Amino acid sequence: MAGMPPGAEGGVIVEDAVIAELVAPGAQPAADAVFDAAAHVVLPGLINTHHHFFQTLTRAYAPAVDKKLFDWLVALYPVWARITEAEYRVACRVALAELLLSGCTTAADHHYLFPAGLPDAIDIELQEARNLGIRAVLCRGSMDLSTDDGGLPPPTVTQKIDVILADGERLAKTWHQTGPGAMSQVALAPCSPFSVTGDLMRETAAQAEALDLRLHTHLAETEDENAFCLEKFGKRPLDYLEDLGWVSNRVWFAHGIHFNQGEIHRMGKAGCCVAHCPSSNMLLGSGICPVGELEAAGVGVGLGVDGSASNDSSNLIQELRQALLLARAGRGIEAAIYSDPIRWATVGSARCLGRDDIGRITPGCQADLALFKLDELRFAGAGDSLAALITCGAHRADRVMVGGIWRVVDGAIPGLDLPALMAAQNEAARRIRS
Ligand SMILES: [Zn+2]
C-alpha cells in the first residue's frame, strides 16, 4: 500500500466516517470489514478549489477556442445566458462525476451565472452533490457590472445587489454546515473586478463577516485585468480589493498569477490563499502562478481544475501533473518536487476552504481517500509508485471513499449510468449552442 504516511503502511481503521487509527506494517487489528489495498497507491481525497460546473456545456466551443480571457468570455456569455435548469442539472452531474472519478472528494464550485432560466443554480448543485455523496463547497457567485456600466458581461447575465445579497443569505441558512465532516458549505463569491461593482464587493465582504462564510473571487488572472483595474479604478487589482475589505484570511483567490513581490508579501501576512489552476492558465495563455513565492510568503496554495470551458476537463489528478510541469517550465527544476502538487491538492486546498478535517490521512480527520492502481500501460515499468502517479500521469481513481463510504468502486460510480449521462450532456450542449 504505497502513499501512506510513514509508519502507517498497514492501512487505516475507519469508524463512523472518520479515520480512527493508523495501522503499522504487519499489524492485523480486528475490523468488521476489510478492504485489501495492497495493489493501490493511497492519497488523501483530493480537494478541488475552483470550478464552474456550467462550463462543461461549452467545452471546446468553436467560437471561443484559441481566444484569450476577455475575448473568450465575450464569445461565451450569450451561450451561457441560454442555460436553464434542465441543462444545468446534467452539467453539474457531469462535472461532479468527472471529479469523483479522478479522486476528488471535496468539490468547490464558483457559480456566478444566474440568467432568467436559472435562478436556483446553487440549490441544484448541492442536490446533485448530495446524490453522488461528494463534499461540496458552493460559492454563490455574482455579477452586477454589465456592459451598460462599463463591465464585460451583457445585462442578460447580471443581477441587482439586493437580489444577490438576499440569495446569499438564503443559501447560507439553507445549506451551510459547520464543524468537522460538513458535507455542504456555502461561500460568497463575486465574479471578478471586471464584472462586479465595488459596492457589491464591499457589501459581500461585510456579509461574509456577519454570516461567518468564506470569500472567493478571480484575481490577477491576466495582464488585461491589471490594465482594466488601472484604467477604471486607478489601482492594481489587489490594491482595489484591499480597499474593499478583501485581503484577509477569509479569502481565497482563483489564479493569482500577476502579483508583484509586495502584493505577495501582503497576502501572506493577511493569510490569503490562492487556487492555482494550471491547465486553465496554460490553455488561455494567462501566465504562470508563482506558487513557490506564494508559499514562501505564507500564502496558502490549493489546486483547481477551473471551469470546463477553459481547461476543458474536470480531472483533478491530472491537474497535479500539470502543476508540477508548469512550475518547472516557469522557474526550473528547483520550483517544485513531485510531491508538492499532492500537498497543494490536499492540505493546501483544505486551507483554501477553511477546513482542517480533510486533506490528511491522520486520526480524527474525515475518512476521505483516493486509491489509484498502476495497472495501465502508462505505468508499466514504474519504480516509485507515488512519483509514478504524477510523472506517468494518473487519470482515474480505482476507489474513492468520502466520509467512510465508497463512492467510486472499480473505477465506476455505483448506480450512475455514464453513457446515458454523456448522451444527455451532448444533447443539452447542442441545445444551448443553437
Ligand atoms: Zn474561474
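**Note on a helix pair, pockets and cavities**

1. In this predicted model, the axes of helix α3 (residues 121-132) and helix α4 (residues 161-175) come within 11 Å and cross at roughly 20°. The axes are lines fitted to C-alpha atoms over the stretch in contact, with angles running from 0 to 180 degrees between N-to-C directions. Helices (H or I, at least four residues) and strands (E, at least two) are DSSP runs, numbered from the N terminus. The crossing angle therefore makes α3 roughly parallel to α4, a term that covers angles under 35 degrees.

2. The crossing of α3 past α4 is right-handed, that is, the near helix is turned clockwise from the far one by less than a right angle. On the α3 side the contact (heavy atoms within 4.5 Å) is made by Ile122, Asp123, Leu126, Gln127 and Arg130, and on the α4 side by Arg170, Leu171 and Trp175. By class, four residues of this contact are nonpolar, one is polar and three are charged. Here Ala, Val, Leu, Ile, Met, Phe, Trp, Tyr, Cys and Pro count as nonpolar, Asp, Glu, Lys and Arg as charged, and the others, Gly among them, as polar.

3. Residues are numbered from 1 along each chain as its sequence is written, and side-chain values use heavy atoms, with hydrogens and water left out. Local features need pLDDT of at least 70 and side-chain atom pairs count only at pLDDT 80 or more, whereas totals for chains, interfaces and linings use all residues.

4. The largest pocket has a volume of about 810 Å³. On a 1 Å grid over the protein atoms alone, a pocket is an open set of points with protein on both sides within 12 Å along at least five of seven lines, and a cavity is a set where a 1.4 Å probe fits but cannot get out; lining residues have an atom within 4 Å of a point. Grid points are joined across faces, edges and corners, and a volume is the space filled by probe spheres set on the points.

5. This pocket is lined by 30 residues, and Val12, Ile13, Ala33, Val34 and Phe35 are the closest to its centre. Strands β1 (11-15) and β12 (369-373) each supply at least two lining residues; β1 gives the most, with five. The lining of the largest pocket comprises 21 nonpolar, five polar and four charged residues.

6. The second largest pocket holds about 380 Å³ of space. Among its 19 lining residues, Arg59, Val94, Glu98, Met422 and Gln425 lie nearest the centre. Helices α2 (85-101) and α14 (418-433) each contribute at least two residues, and α14 gives the most, with eight. Eight residues of this lining are nonpolar, six polar and five charged.

7. There are two cavities of 30 Å³ or more. The largest cavity contains about 130 Å³ of space and has 17 lining residues, with Leu69, Leu73, Tyr112, His218 and Glu221 nearest its centre. Helix α1 (residues 69-80) gives the most to this lining, with four residues. The lining divides into eight nonpolar, seven polar and two charged residues.

8. The second largest cavity has a volume of about 40 Å³. Helix α4, already described in the pairing with α3, supplies at least two residues of this lining, as do β6 (135-142), β7 (184-190) and α5 (198-211). The lining residues include Arg140, Ile164, Leu188 and Gln207. By class, five are nonpolar, four polar and one charged.

Terms used: Angles under 35 degrees count as roughly parallel, over 145 as roughly antiparallel, 65 to 115 as roughly perpendicular and the rest as oblique.
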